[in-house]
Amino acid sequence: MSSGSVQQRTMAACALVGVIGLIAFVASLTLPWQEVDYHVGAAVRWTMAAAGALILAVTPRTTHNVASGAALFALGTSVMAYPTLLGLAAADVGGPPMVVLASAGHVVPLTMVQLAPVLVSGHVTGRSRRGWACVVLAVAAVGAGLTGLGLSVEPSGGPLLTVASLLWFCSFTLAPVACWTAVRGTAGHRRRRGIIAGLASLIPVLIIVWCMTLGGLGSALDLAGDPTTTALFLGFSAATTGCALLSVAALSEGSSPLLRSTVVVGLMRAMVLGVVVLVASGVALATISLLPTREAAVLVAVALTVVLGWSATRVLQWAAGVVDPVAELRLEIERASGLLAGRHRGVAESVVRRVLGDQGAALAFGVEDGRWVDVAGRVLVLTPSQSVVLVREQDEDVVLLVSGDTRARRDAAAWGDCALVLGPALMEAREAWQSGRASVAAQEERARLQQDLHDGLQGRLLGLALNLQMSRADVDDPVARLVISETVGELRGAVQDVRAMAGGRLPQILVDDGLEAAVRAFVQPVRARIGALDLSPDLASRRPVASVEACAYYVVGEAINNAIKHAGCDRIDVSISTHDDSVVVRVSDDGSGGADVRLGSGLRGLTERVHAHGGLLIVSDLEESGTLVEAVLPCGR
């Protein structure tokens, strides 16, 4: 039989029972109320009947779980029948059997509000609660049997009735224990649905406490029966309806508003505060009747307020922590704190998968304009329909959940902003991306420089060395010949330094003596084209960190190489200045200009290298002629 057919049959059954129950209830309202010990007004009985009708109306939404649907059907039917039985018994219709039925009219509803959450909990958490359900039914049957036996042997049935009452009261702890033990160890949507079922299991407890409090209030204040009875039946109606609605919400296949984290936390807070108020009221009433003086009662009340307030605060903190998915993410990540070094992305994705119950879910991190990478740093091509925003930064999406599971995306969308939880993973992804880009940029730059050695600066330097060496034979002056030989040696040394730089090795002079000495040595072979050479004395006395020195050295080398090779310049000015927190490199020439970091592979790679160090590179045309290359690097001292 299809689920649609089952739902239609269930709807038909609920509608039939509802119509019959409504007709019988309206008929009972026409009968005179002859009971003198208590009176239940028509408005209260209408409220009880409406509660039963509402429960029957929502029952068809549970057809995918037959056992839970049957329990809710029995709950709705019994709640709707209760006011009718009360009216018939009060009108002396049906004699003693009807009186017994009316007196026991609460038994079935209160049994079902225990049974339904247990069945629902087992279904939504995937953990069988059949044993607990059998225990609930067995205890209810034994209690009902003892009650019936005690009433049949009056007045000697008092002990049996006492045992039945104790058993009845104790049985209300079974459903909460069964439901909340099922919640333990679950995560994500299962956890929230299990918590909703657990809240439904607390409804019977509230009913019992409500009854005891009202009874104590009536005795302590010597109230007439009607106000207490009215409040009792209204509480019964609200509690049974609330239990049914929570059970249906936990079973709903779609996204019920009651499953939102804020709603679940709010319900738990309301439940805890309700229990605190009821318990405090009951104990206060007992204190008034038991303690001899008002001062003693006040002291007990103050102590009770402190204890209950502290307990409620701790419970509410726990409630927010276990229900809120973002808090759940945070707690799970904190548990893996020993594994976080360099693994924020992997741990975060693992926790997200576990919380959502979707092992195919993945995190995507925005590392730069329009580029997304996974936890391994691989570039992703995203499908918008399968993505959910988890973190936004300056009105831009920076962390996404990617999943083909519609439910997982829906649950993740309810989390809201997860910046505080996923921020470390995003930072790690960006650092890894920039590091990788810097490495790629360095490799590309070295490959380009190695090629340029043959086409550009190396050829020019070697040509100068060759010309000088050839001209040495035509010079008669020994001193001049010595100078020429030294110059040739310096040129060849410069070529070796450039080759070392292109191969990724820093010139030894840069490593040993710093940026100032290295730049002076670098420009020496082309000193004729160097106009102004302004190097800050602080470069020698307060050296930046080695990586900053190397980056600045590459900026100077690339700018001079471009000026000589492409710009056809006659003059190059070099300036390196230091500030409290930065090193500023400026290289300008009087060449043809037109340099563009978007077109030239050298300048593009240099830009990425500078950005990887947290700096800024600007390439611009000068007003008259030539090009200005300016880099600002964090000092790193």
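Student: At roughly what angle do the axes of helix α2 and helix α3 cross in this predicted model?

Tutor: This is a predicted model, in which local features need pLDDT of at least 70 and side-chain atom pairs count only at pLDDT 80 or more. Residues are numbered from 1 along each chain. The axes (lines fitted to C-alpha atoms over the stretch in contact, with angles from 0 to 180 degrees between N-to-C directions) of α2, residues 42–58, and α3, residues 66–90, come within 7 Å. They cross at roughly 160°.

Student: Is α2 roughly parallel or roughly antiparallel to α3?

Tutor: Angles under 35 degrees count as roughly parallel and those over 145 as roughly antiparallel. The two axes cross at roughly 160°, which makes the arrangement of α2 and α3 roughly antiparallel.

Student: How many residues of the contact of α2 with α3 are nonpolar?

Tutor: Contact here means heavy atoms within 4.5 Å. Among the residues that meet are Met 48, Ile 55 and Leu 56 in α2 and Leu 72, Phe 73 and Val 79 in α3. Ala, Val, Leu, Ile, Met, Phe, Trp, Tyr, Cys and Pro count as nonpolar. Besides four polar residues and one charged residue, the contact includes nonpolar residues numbering 14.

Student: Is Val 40 buried or exposed?

Tutor: Val 40 lies in the loop between α1 (3–29) and α2. Leaving aside neighbours within four places in sequence, Val 40 is in contact with Trp 33, Arg 45, Thr 229 and Phe 233. Buried means under 20% relative accessible area and exposed over 50%, with a 1.4 Å probe and protein chains only. At a relative accessible area of 1%, Val 40 is buried.

Definitions and conventions:
Side-chain values use heavy atoms; hydrogens and water are left out. Helices (H or I, at least four residues) and strands (E, at least two) are DSSP runs, numbered from the N terminus. Angles under 35 degrees count as roughly parallel, over 145 as roughly antiparallel, 65 to 115 as roughly perpendicular and the rest as oblique.
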